[in-house]
Amino acid sequence: MIKQEIKDAELKEKISKLPKDDMAVFVMADGRIRGALFHGTRFVNQMRAQHNTGILETMVLGQASLCGALLLPTMKGKEHLTWRYEVAGPAQGFSVDVDSTGYVRSCLFTDHIPVDKPLENWNLAPFLGEGTMTISTLRENDKEPQQSTVSISNKNIAQDLAWYFHQSEQVNTAFNTGIQMDEKGRVIGAGGMFLQVLPETGGTKKLGSQINTSANKKNDDELLEKVELAFRTAPSLGQWFSEGGSIEDIVYGLFREFKPSIALHRDVRYDCPCNKDYYLNYLRHLPKSELDEIKKTCPDPLEIVCQNCGSVYRIPLGEI
């Protein structure tokens with residue numbers, strides 16, 4: 001990827017004073033719940049710099065990219081995941097790629113989302129509409145990716161991703177993202193949170209212990225209700241991180257009743273493995289007739305844009 005510089009000096013000064021971008025992966029409630037909290041202010045700003053997105057486009061693709069980053073704790077071993085969100089609304093949808101090594105890349109299916117009237121809030125439902133979402137997962141040694149598709153039900157990116165887990169994997173999951181913009185439409189804070197209920201065989205229960213099924217279900221329902229309430233009372237994550245709020249204060253404060261413990265911190269970056277040599281090699285393996293047509297009709301140098309990160313590669317025709 002050709003990394004684009006954030007050119008706004010005032011914005012750079014603002015975000016340089018914030019805590020570093022970081023993802024904390026944690027467990028709580030005796031191992032029944034796992035979660036992740038991601039401070040991604042620089043992450044979203046890098047995404048915006050790569051694709052040169054407007055305010056509304058930044059909000060849509062920013063939420064999608066934050067949710068994509070929050071999928072990292074669900075990945076096992078070497079794994080690559082592609083999440084396609086296709087809708088009939090003006091936004092058309094997006095694609096997010098997540099790699100288990102820690103990079104995320106993404107793109108919108110349109111360069112510009114039309115707006116008929118001034119926005120009164122950040123409800124994105126009018127721009128999304130009906131559609132489907134598909135997650136394809138390619139694991140090490142897989143010949144073909146495993147794929148699952150569900151209908152979009154909420155017209156809300158975070159809630160629709162949670163719905164996917166409920167429908168496709170029958171796992172209670174929740175996502176929350178927040179992007180704070182200043183009066184000039186600059187991203188000054190961004191973050192996301194993920195929670196997921198783990199199978200009952202986890203936690204501290206001993207193998208072979210006698211379990212009262214009815215009582216256990218009641219206790220489980222009460223636990224989930226309390227965790228859901230705590231999740232819903234989380235502060236606006238974009239505003240929280242824009243004001244220098246810490247990850248630890250939310251994990252150990254908001255969920256203190258459930259005795260949380262941060263298991264690890266992950267480095268998450270907005271990045272793409274594309275490079276000039278990749279595209280040059282692709283061009284060199286085209287049929288001779290296509291290469292001759294390119295050399296005859298295309299400008300020199302040839303410009304190739306990576307749709308996943310916005311990088312522009314200029315390749316002299318003489319190098320092909």
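Phe38 and Phe43 are both buried, where buried means under 20% relative accessible area, exposed over 50% and partly exposed in between (1.4 Å probe, protein chains only). The model is predicted: local features need pLDDT of at least 70, side-chain atom pairs count only at pLDDT 80 or more, and totals for chains, interfaces and linings use all residues. Residues are numbered from 1 along each chain as its sequence is written, and side-chain values use heavy atoms, with hydrogens and water left out.

**Exercise 1.** Describe the ring geometry of Phe38 with Phe43, and of Tyr85 with Phe94.

Solution. 
- Step 1: rings of Phe, Tyr and Trp (its six-membered ring) pair if their centres lie within 6.5 Å; planes under 30 degrees apart count as stacked, over 60 as edge-to-face and the rest as tilted.
- Step 2: Phe38 and Phe43 lie 5.3 Å apart centre to centre with 80° between the planes, an edge-to-face pair.
- Step 3: for Tyr85 and Phe94 the values are 4.7 Å centre to centre and 5° between the planes, a stacked pair.
- Step 4: Tyr85 has a relative accessible area of 0% and is buried; Phe94 is likewise buried, at 0%.

**Exercise 2.** Work out how strand 9 (residues 187–197) is placed and paired.

Solution. 
- Step 1: 11 of the 11 residues of strand 9 are buried, so the strand is largely enclosed by the rest of the structure.
- Step 2: two strands pair if DSSP finds at least two bridges between them.
- Step 3: strand 2 (residues 33–39) runs antiparallel to strand 9 and is joined to it by 7 bridges; Arg34 has Gln196 as its bridge partner.
- Step 4: strand 8 (residues 173–181) pairs with strand 9 in the antiparallel sense over 9 bridges, with Phe175 opposite Phe194.
- Step 5: strand 8 and strand 9 form a hairpin with 5 residues between them, and Gly185 in the turn has a positive phi of about 80°.
- Step 6: Phe175 and Phe194 also belong to one aromatic cluster with Tyr164 and Phe165.

Key: Helices (H or I, at least four residues) and strands (E, at least two) are DSSP runs, numbered from the N terminus.
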